[in-house]
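Please read it alongside the sequence and coordinates.

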Amino acid sequence: MQQNEFIKIVSPFKDKLFRLAKRLLVSTEEAEDATQEVLVKLWTKNETLSELKSVEAMAMTMTKNYCLDQLKSKRASNMTIVHNNYTDNQASLQQKLEDEDSLSWVEKIINDLPEQQKLIIQMRDIEQYEFEDIAKILDMSEATIRVALSRARKTIREIMTKTHNYGIG
Amino acid sequence: MALDRIENLIDKYFEGETSIAEENELKVYFSSTDVAQHLKQYQTIFGYFSQAKEQQFTQEIPLQTKKRNVVLWLSIAASVVVMLGVGTMMYFNNDKEEQFVACTPEDNPELALQQTEKALALVSEHLNTGIESVSYINEYEQSKNRIFKK
């Protein structure tokens with residue numbers, strides 16, 4: 001497969017990989033690194049790509065695994081995560097001062113969800129994958145995904161209404 | 001759009017039972033300006049979902065063909081060096097061997113004769129020195145005979 005072909009295959013979903021990575025890793029730079037890493041890995045698999053049913057699902061699974069590994073090693077080393085929190089807070093604080101943008105509140109709430117729910121919200125509500133595809137990517141049953149999704153959506157609603165009542169959002 | 005249908009969809013939505021089409025319906029409704037007051041709280045959620053989908057991956061994809069080439073060329077260079085090394089070694093070894101081969105008498109009768117003569121001359125030379133040194137003993141014998149006359 002030539003580079004051009006590969007890029008043609010990859011470009012419809014590379015943004016989705018990036019957004020998924022960013023959802024999990026929070027920091028934009030790290031999400032960019034992760035996306036590049038996954039795409040390069042995909043490129044090295046080159047020959048076997050055409051045999052796959054869905055390159056996209058495969059890439060999503062790879063991104064998910066890569067990010068979870070990243071998080072695991074970060075928790076083990078315990079260093080960089082402090083830095084991440086720091087930069088993230090900066091950004092959202094700035095935004096808050098600028099326009100009290102309640103959209104960033106939603107983002108914060110989603111980022112506080114457990115990783116699995118984060119993944120599911122990202123893929124269903126933002127990328128609008130069918131349950132069938134999410135099940136394939138996460139290697140879970142559709143029923144489990146529905147339950148987790150419902151739980152995540154309700155958590156978001158609950159926290160949103162709380163902030164509304166306090167008049168912050 | 002009928003309000004009770006939207007309310008119905010929202011309930012289904014939070015149970016995780018809406019289809020993609022229905023979720024899109026909700027997104028469209030919440031992106032419009034006339035959202036019912038009591039549903040305004042959901043507007044930000046759906047607004048965020050639409051906004052979050054806008055983020056793009058702007059970095060280039062580093063399809064490390066360059067790096068691969070470097071490795072390829074390095075390995076080629078290394079193998080050339082190894083081949084050259086082995087080649088020169090073989091070449092010099094062969095040279096010596098040829099010399100050696102030329103020296104072996106089996107292949108060259110003239111040389112064999114020469115070498116045999118050389119070897120024989122060497123042996124006789126050494127033998128002569130041996131005899132010379134033994135001749136001193138005769139001196140002893142003579143002087144002894146002179147002293148101890150019978």
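## Salt bridges

Over all chains, a search of the whole structure finds ten salt bridges, a salt bridge being a side-chain nitrogen of Lys or Arg within 4 Å of a carboxyl oxygen of Asp or Glu. One of them joins A:Arg124 to B:Glu23, with the closest N and O atoms 3.1 Å apart; this pair crosses between chains, from helix α7 (residues 115-126) of chain A to helix α2 of chain B, where helices are DSSP runs of H or I with at least four residues, numbered from the N terminus. B:Glu23 also forms a salt bridge with A:Arg153, for which the closest N and O atoms are 3.0 Å apart. Between chain B and chain A the count is three salt bridges.

## Basis of the values

The model is predicted, so that local features need pLDDT of at least 70 and side-chain atom pairs count only at pLDDT 80 or more, while totals for chains, interfaces and linings use all residues. Residues are numbered from 1 along each chain as its sequence is written, chains are lettered from A and ligands numbered from 1 in the order in which they are written, and side-chain values use heavy atoms, with hydrogens and water left out.

## The interface of chain B and chain A

The contact (heavy atoms within 4.5 Å) takes 40 residues from chain A and 33 residues from chain B. About 3,500 Å² is buried between the two chains, 58% of it on carbon and sulfur atoms, where buried area is the accessible area (1.4 Å probe) that two parts lose on being put together, summed over both. Of the area that chain B buries against chain A, 21% is supplied by B:Tyr48, B:Phe57 and B:Leu63, more than any other three residues.

Across this interface the rule finds 14 residue pairs in polar contact, both residues being at pLDDT 80 or more; a polar contact is a pair of N or O atoms within 3.5 Å, and within protein one must be able to donate a hydrogen and the other to accept it, with residues adjacent in sequence counting only if both atoms are side-chain atoms. On the side of chain B that touches chain A, α1, α2 (20-31) and α3 of chain B are the elements giving two or more residues, and α3(B) gives the most, with nine residues.

## The largest cavity

The lining of the largest cavity takes its largest share, three residues, from α9(A).
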